[in-house]
Amino acid sequence: MDSIKVFAPATIGNIGPGFDVLGMAITSLGDYVEARRTATGVRIAEITGLKEHIPLEAEENSAGIAAKEVLRLLNVDGGVELRIHKNVPSAAGLGSSAASAAAAAFAVNRLFDGALTDNDLIFPATVAEAAVSGGFFADNTAPALLGGATLTRCREPLDVIKLGSITDLVLVVAVPAFELTTRKARAVLPAHIPLEAFVENMANACLMVAAFTQDDIGLFGRCVNDAVIEPIRAELIPGFYDVKKAALGAGAYGCSISGAGPAVFAVTDNISKAHHVGEAMIRTFRDHDMESTMYVTKMEKEGTKVVTR
């Protein structure tokens, strides 16, 4: 084939207690990448959609970097031209750079009839995200490619396990109207943490794995609690604790920061309750002079895929 169009979903990294380890793909939001064969090199011809602050230069864009990495791994002659439609807001905590990287890596591999598996593609996509975010972690790239929830056991060598999904899980995501880059959110992290907080997070992360493998929303709701990272990053999000209190008061099972933030996600089990929870979150952000956008979504089981024109 000469060209291909691919979709990769947005993601929620960390999922509360699973810092840099757990991540899940969500429906409704995602990036589209169209790749076309060229003679040589990687070029981004166009970026549309939520393109503000997204570089057109291939060597500075996660999609361009991922495409170059896949071409290198395949060791093929030829290059690609990319057209990107951004539908994931950048610097929001929803895996924007990971979605573009996953879509580009997948597209280039298919375009050149590559032998790389979806698991193989996690590495070049994560290399691309690391180049723009400042850290090598696969809690966004892995679920974007594989769908469902994933666990990164090890980064060197990269070892990722797909966990599954939770059928009844409904997620409310409130995205306040300001950007918080991953680099900035990681810069505030402590070098040392209290042992008690570490134990609490480890227990909740282990319980969350059980919830995914058993398709149990009750277990999931009990463990969306981050005693280590959330208290630190909460200071970067105006009104976070009031928003969390409002979500829980409206019936959410749990609430935490999505990825590096500033997006905040809440957990429910039906659409009607989700809208009630989301409206409470939006009102509370507004009480803190912050407008926000609400998304009601579920887990995306498929991950990155080819789409029709």
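Two exercises on a predicted model follow, each with a worked solution.

Residues are numbered from 1 along each chain as its sequence is written. In this predicted model, local features need pLDDT of at least 70, side-chain atom pairs count only at pLDDT 80 or more, and totals for chains, interfaces and linings use all residues, while side-chain values use heavy atoms, with hydrogens and water left out.

**Exercise 1.** Describe how helix H9 packs against helix H10.

Solution.
1. Helix H9 covers residues 240-249 and helix H10 covers residues 271-287; helices are DSSP runs of H or I with at least four residues, numbered from the N terminus.
2. The two pack at an angle of about 155°, with their axes 8 Å apart. Axes are lines fitted to C-alpha atoms over the stretch in contact, and angles run from 0 to 180 degrees between N-to-C directions.
3. H9 and H10 are therefore roughly antiparallel (angles over 145 degrees).
4. Contact (heavy atoms within 4.5 Å) is made by Asp242, Val243, Ala246 and Ala247 of H9 with Val277, Ala280, Met281, Thr284 and Phe285 of H10.

**Exercise 2.** Which residues line the largest cavity?

Solution.
1. A cavity is a set of points on a 1 Å grid over the protein atoms alone where a 1.4 Å probe fits but cannot get out; lining residues have an atom within 4 Å of a point.
2. The largest cavity holds about 60 Å³ of space, a volume being the space filled by probe spheres set on the points.
3. Its lining consists of Asn14, Gly16, Phe19, Asp226, Ile229, Glu230, Arg233, Ser256, Ile257 and Gly259.

Methods. Angles under 35 degrees count as roughly parallel, over 145 as roughly antiparallel, 65 to 115 as roughly perpendicular and the rest as oblique. On a 1 Å grid over the protein atoms alone, a cavity is a set of points where a 1.4 Å probe fits but cannot get out, and a pocket is an open set with protein on both sides within 12 Å along at least five of seven lines; lining residues have an atom within 4 Å of a point.
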